[in-house]
Amino acid sequence: MNILLWIAQLLLSSSLLWSVYMKLIYPSDQLAVMWPWTASNPMLVKVTAVVDLLAAIGLILPALLRIQPKLTIYAAYGVVALMIAACIFHILRGEGSLIGINIFFMALALFIAWGRSTKAPIR
């Protein structure tokens with residue numbers, strides 16, 4: 001179970017880091033082609049990049065370093081909240097067909113939170 005949790009943590013963290021890279025490095029016009037919402041929300045792009053970065057760090061470092069490993073659980077719940085907000089945002093914009101990845105990441109984060117809090121706590 002511990003190996004599955006680490007795989008989930010690395011997958012989710014690397015996906016979030018990829019998102020940070022895309023949001024901070026790509027020009028806004030190229031980003032808008034992939035993610036239409038970015039064209040009308042440039043500040044939200046930067047804010048979500050910072051939140052994604054903090055979540056990616058929180059999913060890995062506390063567990064890896066064994067310093068306050070409960071922070072990994074809190075980071076996972078933070079990702080759940082972020083994905084719920086993203087789903088609502090996309091539905092309100094009429095982009096409901098795009099929330100599949102958000103739901104997948106939310107499920108992955110719930111698995112991490114559940115697993116790290118009950119099945120395979122980090123010691």
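Me: What should I keep in mind about the model and its numbering?
Reply: The model is predicted, so local features need pLDDT of at least 70 and side-chain atom pairs count only at pLDDT 80 or more, whereas totals for chains, interfaces and linings use all residues. Residues are numbered from 1 along each chain as its sequence is written, and side-chain values use heavy atoms, with hydrogens and water left out.

Me: Why is α1 called roughly antiparallel to α3?
Reply: The axes of helix α1 (residues 2–25) and α3 come within 8 Å and cross at roughly 155°, where axes are lines fitted to C-alpha atoms, for helices over the stretch in contact, and angles run from 0 to 180 degrees between N-to-C directions. Angles over 145 degrees count as roughly antiparallel (under 35 is roughly parallel, 65 to 115 roughly perpendicular and the rest oblique), and therefore α1 is roughly antiparallel to α3.

Me: What makes K23 and D52 a salt bridge?
Reply: The term requires a side-chain nitrogen of Lys or Arg within 4 Å of a carboxyl oxygen of Asp or Glu, and the closest N and O atoms of K23 and D52 are 2.8 Å apart. This pair links distant parts of the chain, with K23 in helix α1 and D52 in helix α3, 29 residues apart. By this rule the count comes to 2 salt bridges, and R93 and E95 also form one, at 3.1 Å from N to O.

Me: Why is E95 called buried, and why is R93 called partly exposed?
Reply: Buried means under 20% relative accessible area, exposed over 50%, and partly exposed in between (1.4 Å probe, protein chains only). E95 has a relative accessible area of 11% and is therefore buried, while R93, with 35%, is partly exposed. K23 and D52 are both buried as well.

Me: How do you know that S13 is buried?
Reply: S13, which lies in helix α1, has a relative accessible area of 4%, so S13 is buried.

Me: What makes L17, L53, I57, L61, L64, L65 and I67 a nonpolar patch?
Reply: Patches are made of residues with over 30% relative accessible area and no salt bridge, nonpolar side chains (Val, Leu, Ile, Met, Phe, Trp, Tyr) being joined within 5 Å and like charges within 9 Å. L61, in helix α3, has a relative accessible area of 38% and is partly exposed. The patch has about 610 Å² of accessible area together, and its largest share, 5 residues, comes from helix α3 (residues 42–65).

Conventions:
Areas by Shrake-Rupley, 256 points an atom, 1.4 Å probe, with all protein chains shown as cover. Helix = DSSP H or I, 4+ residues; strand = E, 2+ residues; numbered from the N terminus.
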